[in-house]
Every structure is written in structure tokens, then in C-alpha cells.
There are 2 protein chains.
Amino acid sequence: MALSHAIMTALLEDDMSGYELAKAFDVSLGFFWHASHQQIYQQLHKLAEQGLLDKETVVQRSRPDKILYRLTEAGREELAQWVFGPSRVQEAKDDLWVKLYNLSEANLAHLSGELRQRRDEMMQRLYLYEKIRRRHYAEPDSLPLRRKGVYLALLAGIRQGEQFLAWCDEALSMLSNIDSPSSP
Amino acid sequence: MALSHAIMTALLEDDMSGYELAKAFDVSLGFFWHASHQQIYQQLHKLAEQGLLDKETVVQRSRPDKILYRLTEAGREELAQWVFGPSRVQEAKDDLWVKLYNLSEANLAHLSGELRQRRDEMMQRLYLYEKIRRRHYAEPDSLPLRRKGVYLALLAGIRQGEQFLAWCDEALSMLSNIDSPSSP
DNA sequence: AGCAATCATGCAATAAGTTGCATAACCTAA
DNA sequence: TTAGGTTATGCAACTTATTGCATGATTGCT
């Protein structure tokens, strides 16, 4: 059960509503994790039931009411313990790799297109994450310990992304050098 | 539904039993995908029911009987169509990143240990995949088209792995430079 | 005036994936 | 000889994740 711990982690510093969590997930942990709002709401209910989170309804004018969640002491302890627990390597299970195994003349153009699109998406992500890095993690050595961990995760994401870009270029160049069967 | 397509992809070249598929998954698609045998058996039943695979029971002496699965024409067509369908980026959802967000003096030593372990595991994987690369993909430009796709996927896995190693070293060196709170 | 987007939460049904167990025969090494 | 590993498939119960829908006010754009 890892999503619940990701949620608790996101609540370490700020109390948030489900809606805010879903957005925070997209930027902060977003490089490594994605969760739909439905999933987040479901997990929040469970965590609150288990006493790991406290609810607090915040009435808003001109906006629907929201429910703020806050880590309880029990939640903090559970999270701290969880770090010592086992965790195994999780493969990305990305369709792209499976599709590549099916490369053929029929889908060559399509897959090249998909690669170009992935490349563009990754560029945009990297742009965002590099900005965060420069703004908040310019001097990693002087960060407090916990932030150093966040920095290292961010760095892993950036490096992964840059590696992916380079691979895309290589793959695209290889694919563009293939003669289509209809050409002489 | 991507596992089913990964299974069909694995059956493109060879007919296999569930057991053989599970093992093939660990080596070939293993860099990008993992599936338990239960999951594979379940999917095989479904795919056979849908007419995408054919079953054939092979009686063996000195071994339990096995059930060979073969792609049907319908299966091949479904797979070919699927390649043109949408696919989105899938995050790895690896606990490691979430754990890093929780870095503290209490778990610093533990997380360093986990990093070292991950690094070792990745080294072993890379060793295996580099061997496959040298043996079967030494001259990628002269491969038939489909194998070029497999090569590109393999290459992505290798590059990703190498990047991860480099990141691990950087992370470990950063973490080892932290004074523990009990030392002067 | 109307339309899309944002804020905010949720239910219900289904699909996908995990965990634990069960069976059964052979092979190998201590 | 007996314990552990490999080959081989499967059920049942459970958790996790996805898909599709519903609601409803406000804000900003055209």
C-alpha cells in the first residue's frame, strides 16, 4: 500500500484537501507518481478511518466547502516506520516498450510520431522541474536533511528525463534511416 | 489492458505455456514489466476465451502436462491494431522516491543501505542485459525491423539503468557527507 | 448571454494486481 | 533419505486502480 504513504508524505508539511493533494501530486511527486482524484479521495477516507489523518471541514464562500486533512501523531509514526519496511523495484509498465516490440512497416510512422510526442512532453516536464530545481534547490549541500532527500528524488527525475530525451533522439534517428518498403 | 498485449507480444515468435511466459517475462520484457504467474494464467484464460489465443495441451512424461498458447489470426490483428491506440506515460510508482521524501536522521543509514542494495541489483541486471545486447544486437543496423524495435527498447533499459547507477553514486556520496547528529 | 474552465467531492462498476494457499511429480545435493 | 528446488497450473479473497458518471457554484472569456 504505497499510495497512502505518498499521500501522508505530501501532508508532512502542509494540511491539504483532496483536490489540493491531487494537484500537488501532479507537480511535486508527479515525476514518480500519478493518482486520479477518485483514488486519492478513497485513500483519504480510509486513512481518516484508521486514525492516521484528521479531517476538518472548511466552509468557503464562493467555492464549495473543502475538507482539510492533517497528519495525526499516529500517522507520523506509521510513516516513519514505513520507511524501514521493504520496498521492491517497480517497473514502469509503459505501453511504449511493448509497442516497440511490435515495430513493423505498418506502424513505423505511427511509432515515430509517438516517440516525438513523448519527447515533447518530457521536454516540458524537464523545463518545469529544472525551474523548481534552480529556484528551490540551487545549493543542495546547505539544505536541511529532509529537503536533501527531496532534492535527490528530483535530481533522479531530471536525470531520468534527460536520458530519455537522448534515447528518443537516438531512436528517432535510427527509425528515420529505414527505407520504407514502397520507396526504391 | 496492457498486460494482455504484452503477453500476446511475447507469443509473437514462439508458442509458450503460462509457466514459460512467466519466465520469458523476467528476462525479455523484464526490464519494463513484471507479472506474477497468477496474473499471467488469469490473462491467458481470458485471451483464450476471447479467441485471441488457441490452447493446446502437451502431455509430458516426468513433468506435469503443460498448456501451450498460440496467437490466433484474430490475436495478431488485435495486437496490430492496439499499437495504433493511445498510451500514456506511466510513472514507476516506486516506493524509493517516496521514502526519500521522508529522509531524516533516523532513517539516513537505512536509506543509504537501500540505495546500495538497489545499486547492486541494477548492476546485476545491467550485466545480464549487456550480455544479451552483445550476443543478439551487436549490429543493430542490420537487424530486421521488428528486432530493431526490441533493440531500441533494450537500449532504453540499459541507458536507464546506467543513469540510475550514476545517480546512486551521487546520492550515496551526498548522504555520506552528512554529519550524524551524535558525532561532534 | 452563453460557454468553458476551475474548484470541490463523491458513488458505482469494473479491471488489474497481490497474497496466500493447494496440488503433484520429478531432480539434485547434503 | 529427506529437504529443497524446478516444472506446471490453478482457486479464492482481497486490495488497488481505472472509468464513467453526478453535482453545483463561481470565474473568466468572448
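Trainee: How many Å separate a phosphate oxygen of DNA strand D from an N or O atom in the side chain of R88(B)?

Mentor: The distance is 2.5 Å. Some conventions come before the rest. This is a predicted model, where local features need pLDDT of at least 70, side-chain atom pairs count only at pLDDT 80 or more, and totals for chains, interfaces and linings use all residues. Residues are numbered from 1 along each chain as its sequence is written, chains are lettered from A and ligands numbered from 1 in the order in which they are written, and side-chain values use heavy atoms, with hydrogens and water left out.

R88(B) is among the closest of the 25 residues that surround DNA strand D (near: a heavy atom within 4 Å).

For H45(B) the distance is 3.4 Å. For K23(B) it is 3.5 Å.

Now the elements. α3 (37–49) of chain A supplies at least two residues of this surface, as do α2 (18–27), α3 (37–49) and β2 (66–71) of chain B (DSSP runs, numbered from the N terminus: helices are H or I, at least four residues; strands are E, at least two). The largest share, five residues, comes from α3(B).

By class, the surface has seven nonpolar, eleven polar and seven charged residues. Here Asp, Glu, Lys and Arg are charged; Ala, Val, Leu, Ile, Met, Phe, Trp, Tyr, Cys and Pro are nonpolar; the others, Gly among them, are polar.

Technical notes: A polar contact is a pair of N or O atoms within 3.5 Å; within protein, one must be able to donate a hydrogen and the other to accept it, and residues adjacent in sequence count only if both atoms are side-chain atoms.
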